[in-house]
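Walk through this model with me, one region at a time. Keep the coordinates open as you read.

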Amino acid sequence: MGDQQVPFASSRAPELLMNVQWIHGTARRDRSGEPAIQAHGVDPHTVILRQSKCLSHEAPFMYLLFGNERAVLFDTGATADPASFPLRATVDELMANWLAEHPRAHYELLVAHSHGHNDHVAADGQFLDRPATTIVNRELDAVQRYFGFTAWPAQIVTLDLGGRVLEITGTPGHHRAAITVYDPWSGFLLTGDTVLPGRLYAFDYPAFLESLERMVELVRGRAVSYVLGCHIEMTSIGGQDYPLGTRYQPDERPLQMTVAQLFEVQRAARSVADRRGPSRFDDFIIYNEPRLRDQLGLLSRGLLHRALPRRTNH
Ligand SMILES: [Zn+2]
């Protein structure tokens, strides 16, 4: 019997289950805790994972996409230790389940990153001894080499998972090796930490602006369902974020953003190109080349928040 092929190339996901209650940390007096990782299947071939805020206040999201020949995992979270953060075991189980439904003689895993910051690469080591697995190093030269960039960052390259052909472009600004990924099957635009419902740290503002221009350009020619980043930091109240370091976010926004919100990020980013430091908008906060004092302000607000447990949200 030949491997049964999923028609990724000729069709789109018929349904995306985006209405999910993410784990979001626990109140201090609640000792029941929450799982270290939540894995949510948005369709049979697409899984979004979130790391618990109890393990890392960053609580990053990760994306596992299945193709006919291999799966790709974008990001490995903020914790290395497999005992407290069993990412490898979780991914192994998800892959075993998928392969039980779609049996194949051979199937591979690619581990890559939205960008190279520590809260997105920490568990890479858990995959080092995994059979049939490739790990793309976080450094810029390794990213360019693996994906085949010859004209970084503006080029659009493809990554074929077996019928499911992702399009990838370079989007530096938050991080020099940051990429944005378009998946035609789900319509997802995976934007890493460059665009998300939270604090957009643009350490290289000209590069950040150019990356946003290219994201908008990319979206115009394609059917995008959702724009998905790697953190949630905004509360449900317009313009209000949780302080840096928050471990409990009962009133956080949904992860997914719309294409209109991406356009809004671009418009807002242009409008504050000459204003260094933080600028607050309803759905995100732009940090234009944050200075030391902006970072100290964030830290002190976070420390104050932790010293005053009764002020739970803001
Ligand atoms: Zn991050």
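This is a predicted model: local features need pLDDT of at least 70, side-chain atom pairs count only at pLDDT 80 or more; totals for chains, interfaces and linings use all residues.

Ala132 lies in the loop between S5 and S6. Ala132 has 10 other C-beta atoms within 10 Å, so the residue is exposed. The cut-off for that class is 12 or fewer. Look at the backbone next. Phi of Ala132 is near 50°, a positive value in a residue other than glycine.

Pro131 is found in this loop too, between strand S5 (108–112) and strand S6 (133–135). Pro131 counts as exposed because there are 6 C-beta neighbours inside 10 Å. Pro131 and Glu108 are 23 residues apart along the chain. Their C-alpha atoms are separated by 8.1 Å.

Ala59 sits in the loop between strand S2 (46–51) and S3. Is Ala59 buried or exposed? Ala59 has 27 C-beta neighbours inside 10 Å, so this residue counts as buried. The threshold there is 20 or more.

One more backbone feature deserves a stop. A cis peptide bond joins Trp152 and Pro153. Its omega is about 0°. Pro153 is placed in the loop between helix H2 (140–147) and strand S7 (156–160).

The largest nonpolar core has 69 residues. Which of them touch the most other members? They are Leu64, Ala71, Val72 and Leu73. Strand S3 (residues 61–66) supplies the largest share of this core, with 6 residues. Ala71 shows how such contacts reach along the chain. Leave aside its neighbours within four places in sequence. Ala71 is then in contact with Leu64, Leu65 and Phe66, and also with Met95, Leu109 and Leu161.

Ala80 touches Ala122, Ala123 and Gly125, not counting residues up to four places away in sequence. Ala80 and Ala268 are 188 residues apart in sequence. Their C-alpha atoms are 36 Å apart in space.

Next, take a pair of helices. Two packed helices are described by the angle between their axes and the distance between the axes. Helix H3 (residues 205–220) and helix H4 (residues 259–271) have axes that come within 10 Å. The axes cross at roughly 150°. The cut-off for roughly antiparallel is over 145 degrees, so H3 is roughly antiparallel to H4. The crossing of H3 past H4 is left-handed. On the H3 side, the contact is made by Phe208, Leu209, Leu212, Glu213, Met215, Val216 and Val219. On the H4 side, it is made by Val259, Leu262, Phe263, Val265, Gln266, Ala269 and Arg270. What kinds of residue make up this contact of H3 with H4? The division is 11 nonpolar, 1 polar and 2 charged.

Finish in the segment before strand S1 (37–43), where Gln21 has its place. Gln21 counts as exposed because there are 8 C-beta neighbours inside 10 Å.

Asn19 and Val42 are 23 residues apart in sequence. From C-alpha to C-alpha, Asn19 and Val42 are 9.0 Å apart in space.

Technical notes: Residues are numbered from 1 along each chain as its sequence is written. A nonpolar core is a set of buried Ala, Val, Leu, Ile, Met, Phe, Trp, Tyr and Cys residues joined through C-beta atoms within 7 Å. Helices (H or I, at least four residues) and strands (E, at least two) are DSSP runs, numbered from the N terminus. Two residues are in contact if their C-beta atoms, placed from the backbone, lie within 7 Å. Axes are lines fitted to C-alpha atoms, for helices over the stretch in contact, and angles run from 0 to 180 degrees between N-to-C directions. Angles under 35 degrees count as roughly parallel, over 145 as roughly antiparallel, 65 to 115 as roughly perpendicular and the rest as oblique. A crossing is left-handed if the near helix is turned anticlockwise from the far one by less than a right angle, and right-handed if clockwise. Ala, Val, Leu, Ile, Met, Phe, Trp, Tyr, Cys and Pro count as nonpolar, Asp, Glu, Lys and Arg as charged, and the others, Gly among them, as polar.
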